[in-house]
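This report goes through one protein model, from the ligand surroundings to the chain as a whole and then to some of its helices. Please keep the sequence and the 3D view at hand while reading.

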Amino acid sequence: MMDRQTTHAAEEDPRNEQLLIHVNGQLVPKDEAVVSVYDSGFMLGDGMWEGMRLYDGEWAFFDAHMDRLFQSCKAVALNIGLSRDDIRALLDDTARANGMTGDAHCRLMITRGRKAKPFQHPSLSKWGPTIVAIVEHSVPASGLAKGIRLASVPQVRGLPHAQDPKFNSHSKLNCVIACLQAEAAGADEGLMLDPHGFVNTTNACNFFIVRDGEVWTSTGDYCMNGVTRANVIRICRANGIPVKEKNFSLYEAYGADEAFLTGTFGAQTRVASIDGKDIGDGTCPVTERIRALYKDLVARTVAEQKAARQ
Ligand SMILES: Cc1ncc(COP(=O)(O)O)c(C=O)c1O
């Protein structure tokens, strides 16, 4: 049996045991980086987060990540209390304090903050927000090259009027349950369907298939509005690779020539199998081409961001 892996597996790096973590304006050693047990994020999952990657001193696609974060926080009346530039400065300071200019990944977390009482009402969060940034040395594990095994799971994506799956909220229980179901089925991650039974996304990444040279992904309803997903669609359109956002079923996913996942952490990760069925013949020329184009896009974007800041 293959070793279990996750799409967020990184190469071991002992420096990650000695990190300085940003907690509410302070840089704190990892062992001492804590938030209150009254924090709304801890108690209720009442917070939003962003995952970003550092390349050559720049947070790639920073504006797109901030658009998503600020929009999500606005929708739940969570006042970040900082500007985008303030956030960039705190992330830069944290990276600098840890001696990082690249191969680093951050998880920026903003919660409604510490509550006066251990109950749900948002007004009890009197000392918010709580702002934490964990920036780790991070190179995706080489084992990911052999591909991820997915299992379709009973847990479905929610309707937007329950808890919109576009919220990158601290509460990821829907996704965690999907991942547990996939694990019980002997797979690495869960492939989640939408409420109509169409293939939607995985518990942690967006999902694409390639059929007859065409790249397909879900309509975008019910899944995270991934920054990497949007970039892959943009890359395809700019380079003459046919791409469709459409409904498709497991039937079409099983029969795909290639399948891959997208996310900030791992960029594009090959899918080896779905429900024990191997995908394609093991080659993935379209995925490889998209991966190379994405690498170019990151390099170009990072150079432009850098130039704009000088
Ligand atoms: C459920 C889910 N899907 C997809 C993604 C990938 O999004 P992005 O490409 O913006 O990293 C994430 C990451 O936050 C996620 O939590």
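## Around the ligand

The shell around the ligand has, by class, five nonpolar, nine polar and one charged residues. Here Ala, Val, Leu, Ile, Met, Phe, Trp, Tyr, Cys and Pro count as nonpolar, Asp, Glu, Lys and Arg as charged, and the others, Gly among them, as polar. The model is predicted: local features need pLDDT of at least 70, side-chain atom pairs count only at pLDDT 80 or more, and totals for chains, interfaces and linings use all residues. Residues are numbered from 1 along each chain as its sequence is written.

There are 15 residues around the ligand, and Met224, Gly226, Val227, Thr228 and Thr264 come nearest. A residue counts as near a molecule or strand if its C-beta atom, placed from the backbone, lies within 6 Å of it. The elements giving two or more residues to this shell are helix 6 (227-238) and strand 13 (258-263). Helix 6 gives the most, with three residues. Helices (H or I, at least four residues) and strands (E, at least two) are DSSP runs, numbered from the N terminus.

## The chain as a whole

The protein chain has eight helices and 15 strands. Its C-alpha trace spans about 55 × 45 × 35 Å along the principal axes. For 310 residues, a compact globule would have a radius of gyration near 19 Å, and the 20 Å of the protein chain agrees with this. That radius is taken over C-alpha atoms, and the globule rule is 2.2 Å times the number of residues to the power 0.38.

Of the 310 residues in the protein chain, 41% are buried. A residue is buried if 20 or more other C-beta atoms lie within 10 Å of its own, exposed if 12 or fewer, and partly exposed in between, with C-beta atoms placed from the backbone. Among contacts with a separation of 6 or more, 71% join residues 24 or more positions apart. Two residues are in contact if their C-beta atoms, placed from the backbone, lie within 7 Å.

## Helix 2

Helix 2 (residues 62-75) has 14 residues and reaches 20 Å from its first C-alpha to its last, close to the 20 Å expected at 1.5 Å a residue. The expected span is 1.5 Å times one less than the number of residues. His65, Met66, Arg68, Leu69 and Ser72 are buried in helix 2. They lie on the same side of the helix, because they cover an arc of only 160 degrees around the axis. The arc is that of the directions from the helix axis to the C-beta atoms.

These buried residues pack against strand 3 (47-55), helix 3 (84-97) and helix 6. The face turned away from the buried side carries the exposed residues Lys74 and Ala75. Just after helix 2, Ala77 takes a positive phi of about 50 degrees.

## Helix 5

In helix 5, the buried residues are Cys175, Ala178, Cys179 and Ala182. Their arc around the axis is only 100 degrees, which puts them on the same side of helix 5. Strand 7 (148-152) and strand 8 (189-193) are among what covers them. Exposed Leu173 and Ala184 sit on the face turned away from the buried side.

## Tyr294

Tyr294 belongs to helix 8 (residues 285-309). Is Tyr294 buried or partly exposed? Tyr294 is partly exposed, because 18 other C-beta atoms lie within 10 Å. Leaving aside neighbours within four places in sequence, Tyr294 is in contact with Asn231, Val232, Ile235, Ala267 and Gln268. Tyr294 and Val232 are 62 residues apart in sequence, yet 7.1 Å apart in space, C-alpha to C-alpha.
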